[in-house]
Amino acid sequence: MSMFEFNKIAGAVLSALLVAMVIGTIGDSLVHPRKHEGAVAIGEGAKAPAAAPAAREPEKLEPVAPLLAGASVDKGKGEAKKCAVCHSFEKGAKAKIGPTLWGVVGAGKGSHEGFGYSSAMKGKGGTWTYEDLNAFLADPKGFVPGTRMTFAGVKSVQDRANLIAFLRSLADSPAPLP
């Protein structure tokens with residue numbers, strides 16, 4: 001084997017390693033992998049944990065009531081475009097994947113006629129107050145464990161306030177502000 005052949009093989013191997021490294025770096029920057037809390041590797045000789053890890057405390061939400069007075073219905077309407085995939089906003093409209101949101105502020109939880117709510121939502125009880133809407137929009141599965149709603153939530157409290165102001169406007173006589 002000549003030196004030229006050896007250089008071609010070494011160059012090909014080094015190029016393949018460089019391409020794999022670049023693809024791995026790009027993939028990590030796009031996906032942002034997370035480590036699972038409480039994950040335990042169980043293998044030969046490993047012991048199972050004695051007790052399950054304690055449930056983590058729910059995050060303390062910033063109250064939405066002070067922000068509602070200055071909230072923008074127009075910005076909330078823009079924020080609601082995410083919701084329009086599953087919900088309709090018109091009075092008397094049929095439910096889509098989710099219930100119609102006309103008149104939701106102050107309405108009973110799981111009370112829209114003609115929609116099949118999960119037993120978790122039906123069991124929640126009460127009415128949709130501003131703070132309940134804030135908590136639900138921040139983390140639907142955290143507020144109503146067992147809900148079928150797959151939305152991840154709105155992280156910004158100002159965006160939630162704008163969205164709630166828009167939802168408030170969807171009524172013949174909007175609920176009074178707190």
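Modeller: A residue is called buried when its relative accessible area is under 20%. Please keep in mind that this is a predicted model. With that cut-off, F166 counts as buried because its relative accessibility is 8%, and F89 counts as buried because its value is 13%.

Biologist: How many helices and strands does the chain have, and what percentage of its residues is buried?

Modeller: The chain has seven helices and zero strands, and buried residues make up 25% of its 178 residues.

Biologist: Which residues have the most contacts inside the largest nonpolar core?

Modeller: That core has 27 residues, and those with the most contacts inside it are F89, W128, L163, I164 and L167. The elements that give two or more residues to the core are α5 (130-138) and α7 (157-169), and the largest share, six residues, comes from α7.

Biologist: Why is α5 described as largely enclosed by the rest of the structure?

Modeller: Eight of the nine residues of α5 are buried, and therefore the helix is largely enclosed by the rest of the structure. Among these buried residues are Y130, D132 and F136, and what covers the buried residues of α5 includes α2 (65-68), α4 (119-124), α6 (140-143) and α7.

Biologist: How should I read a pair of aromatic rings?

Modeller: A pair of aromatic rings is described by the distance of the centres and the angle of the planes. The structure holds five aromatic pairs, and one of them is the edge-to-face pair of F89 and F166, with 5.5 Å centre to centre and 70° between the planes. This pair links distant parts of the chain, since F89 is in the loop between α3 (73-79) and α4 while F166 is in helix α7, 77 residues apart. Another edge-to-face pair is formed by F136 and F143, with 6.3 Å centre to centre and 75° between the planes, and both F136 and F143 are buried.

Biologist: Which residues form one aromatic cluster?

Modeller: The cluster is formed by W128, F136 and F143. Two lysines can be read together with it: K109 lies over the face of W128, at 5.4 Å from the ring centre, and K124 lies over the face of F143, at 4.2 Å from the ring centre.

Biologist: Returning to F89, what is it in contact with, leaving aside its neighbours within four places in sequence?

Modeller: With those neighbours left aside, F89 is in contact with A80, C83, A84, L101, W102, F166, L167 and L170.

Terms used
Residues numbered from 1 in each chain as written. Predicted model: local features only at pLDDT ≥ 70, side-chain atom pairs only at ≥ 80, totals over all residues. Heavy atoms only, no water. Helix = DSSP H or I, 4+ residues; strand = E, 2+ residues; numbered from the N terminus. Buried < 20%, exposed > 50% of the residue type's maximum accessible area, 1.4 Å probe, protein only. Core = buried A, V, L, I, M, F, W, Y, C linked by side-chain atoms within 4.5 Å. Contact = heavy atoms within 4.5 Å. Phe/Tyr/Trp six-rings, centres within 6.5 Å; stacked < 30°, edge-to-face > 60°. Lys NZ or Arg CZ within 6 Å of the ring centre and 35° of its normal.
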